[in-house]
Amino acid sequence: MQSYQLISLDIWDTVLRRDCHPDAIKVETAAVLLEQRGALLKEEYRSGRALFRLRQAVERDLGQQSVSQGCDDEYEMHAVFREVLVRSLFEPLPEEELSTLTERLVAEELAAEKRHIYPDPGIEAKIDSIPHERLVCISDFYAGEAFLKELIEAAGFSKPLERVLVSCDFRVNKRSGRLFEEAEKLLGVTPAEHMHLGDNAYSDVEVPKRLGIAAERYLPAEEQKKREERERNFVGDAKKPLQYPGAPLSGSDDVSLFFYGFVQNLAEEARARG
């Protein structure tokens, strides 16, 4: 088998997996904001769903700003939370309090990720099967190297990583190929010396291969089945509640749908008011 100077790994659904849909993490963080500062939020943002939609809008806006500056559509979590607070709070906060609350939300999201992650059960054996000298992670994500390193360590991944290179830190991503190019420049390797493993058929396989990097799709059947089931079960549509099955949502003619919405609204309002 060919030996490589560098193996790079995708992180999500390659090194780390979640026992929930990725957006469920964002919903948990929105719940913390409601609990901590619900009374200070504008009326239209006093629900988890509204805050989740606002976050999505902020992420799109910051991504577009990044593109207009010649980078890829990247954004970083601190900037996202700061802008969410600016848009959602009824009155502006002093700068120091705004920064403190932003950091609190980042910490809460880190804690939520830790509650839901686990290491992929087969990735370490896969790494061992490929002769290599150096190991890094290359990820498209909105939280930087320190955040992801803490998660990888918390999950119990045992392989020594030289670096964790993240799109939001470089403002370019794997989808465009520019993050692979930046990584090789930084690490001093050529495409011929580099192999990449990841789950995404486009950004982890097609793009690196186009750049001359050996690439292999990492998609273990059992874990992929679990992932697809979680994604099917999670309702992330902005028109529907953000939750897993169990609420009475059996059909449009079922009055329980309206009752559920009424009770959920009461619960969110109660939380917002402390």
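Which helix holds Ser-167? Ser-167 is found in helix α7, which covers residues 167-170; helices (H or I, at least four residues) and strands (E, at least two) are DSSP runs, numbered from the N terminus. This is a predicted model, in which local features need pLDDT of at least 70, side-chain atom pairs count only at pLDDT 80 or more, and totals for chains, interfaces and linings use all residues. Residues are numbered from 1 along each chain as its sequence is written, and side-chain values use heavy atoms, with hydrogens and water left out.

**The chain as a whole**

- The chain has 11 helices and 7 strands.
- Of its 274 residues, 48% are buried; buried means under 20% relative accessible area, exposed over 50%, and partly exposed in between (1.4 Å probe, protein chains only).
- Among contacts with a separation of 6 or more, 70% join residues 24 or more positions apart, a contact being heavy atoms within 4.5 Å.
- The accessible surface of the chain is about 13500 Å², and carbon and sulfur atoms hold 51% of that surface. Accessible areas come from the Shrake-Rupley method with a 1.4 Å probe, and for residues only the protein chains shown count as cover.

**Ser-167 and its surroundings**

- Ser-167 counts as buried because its relative accessibility is 0%.
- Leaving aside residues up to four places away in sequence, Ser-167 touches Glu-74, Ser-139, Asp-140, Phe-141, Val-172, Asn-173 and Leu-179.

**The largest pocket**

- The largest pocket holds about 970 Å³ of space.
- Pockets and cavities are found on a 1 Å grid over the protein atoms alone: a cavity is a set of points where a 1.4 Å probe fits but cannot get out, a pocket is an open set with protein on both sides within 12 Å along at least five of seven lines, and lining residues have an atom within 4 Å of a point. Grid points are joined across faces, edges and corners, and a volume is the space filled by probe spheres set on the points.
- The largest pocket is lined by 36 residues, and those closest to its centre are Trp-12, Asp-140, Phe-141, Tyr-142 and Arg-175.
- Helices α1 (22-37), α2 (48-68), α9 (202-210) and α10 (221-233) each supply at least two residues of this lining. The most comes from α2, with 6 residues.

**The cavity**

- A search of the whole structure finds 1 cavity of 30 Å³ or more, and the largest cavity has about 90 Å³ of space.
- Its lining is made by Lys-26, Thr-29, Ala-30, Leu-33, Leu-51, Phe-52, Arg-55, Phe-81, Val-84 and Leu-105.
- At least two lining residues come from each of α1, α2 and α3 (77-88), and α1 gives the most, with 4 residues.

**Salt bridges**

- Side chains of opposite charge can pair when their charged atoms come close.
- The structure holds 31 salt bridges, each being a side-chain nitrogen of Lys or Arg within 4 Å of a carboxyl oxygen of Asp or Glu.
- Asp-128 and Lys-159 form a salt bridge at 2.6 Å, N to O. Asp-128 lies in helix α5 (residues 123-128) and Lys-159 in the loop between α6 (145-155) and β5 (164-166), so the pair ties together parts that are 31 residues apart in sequence.
- Asp-128 is exposed at 53% relative accessibility, whereas Lys-159 is partly exposed at 21%.
- Asp-140 and Arg-175 form another salt bridge, with their closest N and O atoms 3.7 Å apart. Asp-140 lies in the loop between β4 (132-139) and α6, and Arg-175 in the loop between α7 and α8 (178-187), so this pair links parts 35 residues apart in sequence.
- Asp-140 is partly exposed at 22% relative accessibility, and Arg-175 is partly exposed at 35%.
- One network of salt bridges that share partners joins Asp-13, Arg-17, Asp-120, Asp-199, Glu-223, Lys-226, Arg-227 and Glu-231.

- Leu-266 is in helix α11 (residues 256-272) and counts as partly exposed, with 45% relative accessibility.
- Val-86 is in helix α3 and is partly exposed, with a relative accessible area of 46%.
- The C-alpha atoms of Val-86 and Leu-41 are separated by 10.0 Å, and the two residues are 45 residues apart along the chain.
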